[in-house]
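Subject: Structure for you to look through

Hello,

Here is the structure I said I would pass on. Please open it first and keep it beside you while you read my notes below.

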Amino acid sequence: MITKRIIPCLDVKNGRVVKGTNFKGLADVSSPVTLADYYSRCGADELVFYDITASAEGRGIFTDILRETASTVFIPLTVGGGINTLADFERVLGSGADKVSVNSGAIRNPAIIEEAAKRYGSQCVVLSADISLVDGKYTVFARGGRDNTGLDAIEWIRTGVERGAGEIVVNSIDTDGVKKGFDLAMLRAVCDVVNVPVIASGGAGKKEDFTSLFREVPEISAGLAASIFHFGEVEIADLKKTLAAEGINVRI
Amino acid sequence: MIGIVDYGVGNIFSLCSSFKKIGAHAELIKEPERLAECERIILPGVGAFGDAREKLRASGMEEALMREVRAGKPMLGICLGMQLLFEKSYEFGEYEGLSLVKGAIRPISDVIPADYDIPHIGWNVLDFDDCELFKYIKKGDFVYFVHSFYGAECEESVIATTEYGARLTAAVKSGNVYGVQFHPEKSGDVGLAILKAFCEIEVK
């Protein structure tokens, strides 16, 4: 039986891992290569690298880091951040990424999803969306949660899957960094409309938040988090033991 | 030397790194004639069947690869590389495969319940028969899958399966030809152990 995945997310800037709260106030945490290796050894099922640098030089450093990580860590790597063109897909896939996550790039040009799925396969294309509840409507935000696009999030994701996205990351802006648990209502709304794997992001503060996630929204494939793993508030090996004890199928 | 067939399909970066990690000498092979120098062959692949088969043929790799395999060299197809070994695929049309393994590639939606996600993405248990490929791993070990199509009508060649609402083919063997649906290069220590075992299969 397929297992629920636990995915640490590493926001990388200038070759270092950083993580903010509610996307503001970044704090330097550690080296991406060291962290990736550490996570892989303690049972992470997959890793996500978000490139949050904006400069060409930063992109170069990021690609080097990715290569170094992919040479030493043998679990799936997803790369996101700054993915706007097929050339961006090519660049990160050629440096060891297995999947590529598009967010703002797909909002600007939705056709990128189709083009990338056609060229690399749907399994390679992850649609990531930053979502907030605005006036009772789940709404997509662009540029790391800064710009309200006015797009209906559920509709955006549904059409994204139609265009060829093979996996969805739902990041709730409302629960991100708050550490009071995942946005179960938002996740439920997304799972009701798609039949590709959905990864929950934003809000994990303790082990029990993952238990509630997989219990309350059983369709969810994976839980993603950053700071609670980086700062050791939740140990992945320990988290998986807890989940297994609760009858949730995980890889141990 | 292990030759990783490079015909412009899929991400082979991790595969190269995996062999390095287990201390095996592997090289990317772009020129078909160089396959003759290889002791064993890896056929990778990601993407669509029809397109990959065409690239394999157009690059001249197919002819060289078939010659080496018929001469008895061990070959391992990975993911789409495994699917290419079959007689036929029904992915976005109907395509002929290499016919090294009896059977056809069909959508997993034919056999799994409607409420299961497609693609089948993630870590799943490998249920396997005794095979030299699995000599270093144990029952219940997990490997990483990413696929929407699977090997069907291949009962006589199946050496491993996985459970995803139905029994899906996870690995096949036909003589010196092996194929795995999962990604050993992405399956942590378990995957590396399978690649190591492949490197040790006796060359006749």
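**Helix H6 of chain A**

Helix H6 of chain A runs over residues 153–163, and its buried residues are Ala153(A), Ile154(A), Ile157(A), Gly160(A) and Arg163(A). An α-helix has 3.6 residues a turn, so residues three or four places apart point the same way. Just after H6(A) comes Gly164(A), with a positive phi of about 125°.

Before going further, note that this is a predicted model. The predictor gives the complex an ipTM of 0.91 and a pTM of 0.94. For chain B, the average pLDDT is 95, and 99% of the residues score at least 70. Where pLDDT is low, the predicted coordinates should not be read in detail.

**Chain A as a whole**

Chain A has 10 helices and 12 strands. Its radius of gyration is 17 Å, close to the 18 Å that the globule rule gives for 252 residues, so chain A is as compact as a globular protein of that length. Along the principal axes, the C-alpha atoms of chain A fill a box of roughly 45 × 40 × 35 Å.

Of the 252 residues in chain A, 54% are buried. If you take the contacts in chain A with a separation of 6 or more, 65% of them join residues 24 or more positions apart.

The largest nonpolar core has 153 residues. Which of them touch the most other members? They are Leu47(A), Val100(A), Leu127(A), Ile168(A) and Val170(A). Take Val170(A) as an example: leaving aside neighbours within four places in sequence, Val170(A) is in contact with Ala129(A), Ile131(A), Met186(A), Leu187(A), Val190(A), Val198(A), Ala200(A) and Ser201(A).

Ile228(A) sits in helix H9 of chain A, residues 227–230. Is Ile228(A) buried or exposed? The cut-off for buried is 20 or more other C-beta atoms within 10 Å; Ile228(A) has 21 such neighbours, so it counts as buried. Beyond four places in sequence, the contacts of Ile228(A) are Ala204(A), Gly205(A), Glu233(A) and Val234(A). One of these, Gly205(A), is 23 residues away in sequence, while the C-alpha atoms of Gly205(A) and Ile228(A) are 6.4 Å apart in space.

Asp135(A) lies in the loop between strand S7 (125–134) and strand S8 (137–142) of chain A. Asp135(A) is exposed because 5 other C-beta atoms lie within 10 Å, and the cut-off for exposed is 12 or fewer. Its phi is near 50°, a positive value in a residue other than glycine.

**A sheet in chain B**

In chain B, 4 strands form an open sheet with mixed pairing, in the order S6-S5-S7-S11. The edge strands are S6 (95–96) and S11 (149–152) of chain B, each of which pairs on one side only. Strands of a sheet pair through backbone hydrogen bonds, either parallel or antiparallel.

Strand S5 of chain B, residues 86–89, pairs with S6(B) in the antiparallel sense over 2 bridges. Here Ser89(B) has Tyr95(B) in S6(B) as its bridge partner. The loop between S5 and S6 of chain B holds Phe92(B). Phe92(B) is not a glycine, yet it has a positive phi of about 50°. Phe92(B) has 12 C-beta neighbours inside 10 Å, so it counts as exposed.

Going towards S8 of chain B, you will find Pro119(B) in the loop between strand S7 (101–107) and S8. The peptide bond from Ile118(B) to Pro119(B) is cis, with omega near 0°.

In S8(B), 5 of the 6 residues are buried, so this strand is largely enclosed by the rest of the structure. S8(B) pairs with S10(B) in the antiparallel sense over 6 bridges, and Gly122(B) stands opposite Phe145(B) in S10(B).

How many residues does each chain give to the contact? Chain A gives 28 residues and chain B gives 27. On the side of chain B that touches chain A, the elements giving two or more residues are helix H1 (13–21), strand S8 (120–125), strand S10 (142–147) and helix H5 (188–199). S8(B) supplies the largest share of that side, 6 residues. By class, that side of chain B has 13 nonpolar, 10 polar and 4 charged residues.

Regards

Notes. Residues are numbered from 1 along each chain as its sequence is written. Chains are lettered from A and ligands numbered from 1 in the order in which they are written. This is a predicted model: local features need pLDDT of at least 70, side-chain atom pairs count only at pLDDT 80 or more; totals for chains, interfaces and linings use all residues. Two residues are in contact if their C-beta atoms, placed from the backbone, lie within 7 Å. Ala, Val, Leu, Ile, Met, Phe, Trp, Tyr, Cys and Pro count as nonpolar, Asp, Glu, Lys and Arg as charged, and the others, Gly among them, as polar. The radius of gyration is taken over C-alpha atoms; the globule rule is 2.2 Å times the number of residues to the power 0.38. Two strands pair if DSSP finds at least two bridges between them. A nonpolar core is a set of buried Ala, Val, Leu, Ile, Met, Phe, Trp, Tyr and Cys residues joined through C-beta atoms within 7 Å. pLDDT is the predictor's confidence in each residue, from 0 to 100.
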